[in-house]
Amino acid sequence: MFLVRAILGVFFRVWLVVTLMFWAFEILPGNTSDENLLSGGGDVSQEQEAHPMVRYWQYFSQILQGDLGQSLSDGQWVTEKIAAQAIPTIQLALLSWVLGIILGVVMGGITANGGYLGQHFLMLENILLGIPVYWSATILLYIFVVLLGWFPAGGGGRMSQLILPSLTLALSLLPSVSLGVRHALYDQLNQNYLMTAKGKGLHNFRILWKHLMPNAMITVIPLIFLELGFLLRGTVLTERLFSRPGLGQVLLRAVLQQDYPVVIGGVILGALLMNVLQVIADLLVWLLDPRVRE
Amino acid sequence: MKPFNRLGWVVLGSLLLIPFLAPWIATHDPYLTSEQQFILPNVSHWFGTDYLGRDLYSRFLWGGQRTILVGLSSTLIAIGMGCLVGSLGTLTGPTVDLVFLAVFDTLASIPGILVSLLILTLFGNGISELVWATALPQIIPVAYVVRGAMSSSKRHEYVDASRALGASNLHIMWQHLLPSLLNILLAYSMSTMRYCLMMSTTVTFLGFGGEPGVADWGVMLAEARMAFRVAPWTSIPPGLGMLLWVMCLNYLAEYLGKPIAKLK
């Protein structure tokens with residue numbers, strides 16, 4: 001029942017996004033000719049006569065069949081264009097996601113523990129939260145490429161070209177994960193099991209990592225899943241920063257060339273991705289926390 | 001945690017506002033190119049020069065002014081529109097409110113950077129488009145906050161009392177609900193401005209939202225990224241400016257949000 005409702009919700013939202021995109025193009029003056037190209041590049045004169053509702057139905061049924069139209073610049077199918085470049089982006093997003101979570105959870109634990117170390121890590125977290133990713137990338141590039149010479153500056157394909165972009169992106173993800181972990185840990189502080197653990201005379205370190213952290217994770221995990229969607233913005237930037245091939249580059253080129261179908265396809269797929277991630281996050285909470293199930 | 005004492009705030013605040021003194025304290029024309037490329041900071045060029053020989057100190061000031069003004073105006077738009085959209089549901093009734101909530105959920109699920117890029121594709125590449133592209137993704141989060149706060153303060157007795165006296169929905173919203181939101185909005189506008197600054201420099205970094213080479217912190221960081229082998233220090237002034245602004249807004253949001261958190 002829960003799943004059915006969630007999936008229906010995804011369909012509804014994606015439908016709303018598609019509808020919004022279509023009518024935005026209908027209302028905008030001067031874009032009607034482009035709109036015809038958007039809906040598949042069929043017979044233009046015939047389609048111009050068709051009622052907007054008819055064209056809306058055509059566009060919508062095309063999208064249901066997995067057809068997002070053709071690119072204006074080279075006539076390639078949008079879905080093919082995106083699928084061809086998806087793998088480097090997925091690699092980058094996943095690796096930086098995993099790195100960011102591991103570092104973020106460790107940092108969240110340390111800052112929640114307080115003390116001398118915690119204070120300094122809190123300061124570091126604040127700096128990382130404020131540092132724009134394009135500045136940290138320049139600094140990392142200077143350190144690892146110019147000074148140390150460990151990694152190549154850009155390009156894609158090899159593992160060594162993946163590490164530096166992932167590290168940059170992980171550093172931008174780190175503070176929000178750490179913040180989430182810390183607040184989740186603070187929420188656990190008035191629980192009874194904490195007093196029991198303290199009464200048993202356990203060491204603070206053990207209480208934090210063995211007793212508090214697993215319980216805090218229940219609230220942190222959905223947040224972490226949603227971060228995967230927010231990484232999208234980071235990948236657009238990071239691909240440009242390290243001149244990596246990927247979806248970000250496709251999107252940016254499309255924006256420069258005013259290639260509407262590609263950008264709109266990106267928006268629809270992005271909304272779909274975010275909605276699916278939301279459902280997965282809800283499902284994980286449902287699986288992890290028996291209290292929610294009842 | 002009290003990050004700064006009062007003197008600290010004053011010093012930091014005046015540091016942050018230095019870009020607005022650009023007409024008086026800038027030493028060079030920020031667009032004037034010269035033969036002297038990538039010279040290190042010295043007496044005549046305080047922060048050195050960039051790849052076209054432009055004075056980085058003047059570019060930092062004028063660019064900061066542009067970046068901050070774009071961030072500020074998009075924050076104002078986001079807060080204003082967010083208040084409007086967020087209060088519409090409360091104003092009209094529970095059925096419309098549900099519809100609004102569904103629409104908010106939908107719009108919130110589109111990643112912000114895609115909204116910005118879509119607006120830039122559709123409407124072009126000027127500074128006003130940059131402001132709108134920065135503001136629009138932030139409207140829905142503000143609307144959520146306004147809607148949530150309004151629906152909780154709507155249950156107070158003074159609202160019932162006002163309604164019993166024959167006040168209209170609009171009067172109740174304007175006279176009672178919006179003023180009760182002011183401190184929440186003030187705290188939230190700080191974090192909105194943080195996002196707006198980040199988003200607008202992201203967009204200008206990617207090369208949109210103005211002519212190429214315009215004085216803007218995002219553009220300056222993009223130019224410094226190109227020159228990271230020869231002159232990595234050119235990225236320090238705009239990067240540090242962004243860092244200070246964002247950190248300060250962060251602290252402010254935390255500081256202003258504390259009384260609200262205590263109330264709950």
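Mentor: Let us begin with the handedness of a helix crossing. In this predicted model, α4(B) passes α6(B) in a left-handed crossing.

Trainee: How closely do the axes of α4(B) and α6(B) come, and at what angle do they cross?

Mentor: The two axes come within 9 Å, and the crossing angle is roughly 140°.

Trainee: Which residues of α4(B) and α6(B) meet?

Mentor: From α4(B), the residues are B:F104, B:L107 and B:A108; they meet B:I140, B:A143 and B:Y144 of α6(B). By class, this contact holds six nonpolar residues, no polar and no charged.

Trainee: How is the pair α1(A) and α12(A) arranged?

Mentor: Helix α1 spans residues 2-27 of chain A and helix α12 spans residues 260-288 of chain A; their axes come within 10 Å and cross at roughly 160°. An angle over 145 degrees counts as roughly antiparallel, and α1(A) is therefore roughly antiparallel to α12(A). The crossing of these two helices is right-handed.

Trainee: What classes of residue make up the contact of α1(A) with α12(A)?

Mentor: There are 15 nonpolar residues, one polar and two charged. Among those that meet are A:F2, A:V10 and A:R13 in α1(A), and A:I264, A:N275, A:D282 and A:W286 in α12(A).

Trainee: Let us turn to the contact between the chains. How many residues does each chain give?

Mentor: Chain B gives 33 residues and chain A gives 36. On the side of chain B, the elements giving two or more residues are α4 (94-108), α5 (112-123), α8 (169-205), α9 (217-226) and α10 (236-263). Of these, α5(B) gives the most, with eight residues. The side of chain B that touches chain A divides into 21 nonpolar, nine polar and three charged residues.

Trainee: Is α5(B) largely enclosed or largely open?

Mentor: Burial is judged residue by residue. Because 10 of the 12 residues of α5(B) are buried, the helix is largely enclosed by the rest of the structure. The buried residues include B:G112, B:L114, B:S116 and B:T121. Their cover includes α10 (204-241), α11 (247-256) and α12 of chain A, together with α6 (127-153) and α8 of chain B.

Trainee: What span does α5(B) reach, and what follows the helix?

Mentor: From its first C-alpha to its last, α5(B) reaches 17 Å, close to the 16 Å expected at 1.5 Å a residue. Just after α5(B), B:G124 takes a positive phi of about 105°.

Conventions. Residues are numbered from 1 along each chain as its sequence is written. Chains are lettered from A and ligands numbered from 1 in the order in which they are written. This is a predicted model: local features need pLDDT of at least 70, side-chain atom pairs count only at pLDDT 80 or more; totals for chains, interfaces and linings use all residues. Two residues are in contact if their C-beta atoms, placed from the backbone, lie within 7 Å. Helices (H or I, at least four residues) and strands (E, at least two) are DSSP runs, numbered from the N terminus. Ala, Val, Leu, Ile, Met, Phe, Trp, Tyr, Cys and Pro count as nonpolar, Asp, Glu, Lys and Arg as charged, and the others, Gly among them, as polar. Axes are lines fitted to C-alpha atoms, for helices over the stretch in contact, and angles run from 0 to 180 degrees between N-to-C directions. Angles under 35 degrees count as roughly parallel, over 145 as roughly antiparallel, 65 to 115 as roughly perpendicular and the rest as oblique. A crossing is left-handed if the near helix is turned anticlockwise from the far one by less than a right angle, and right-handed if clockwise. The expected span of a helix is 1.5 Å times one less than its number of residues. A residue is buried if 20 or more other C-beta atoms lie within 10 Å of its own, exposed if 12 or fewer, and partly exposed in between; C-beta atoms are placed from the backbone.
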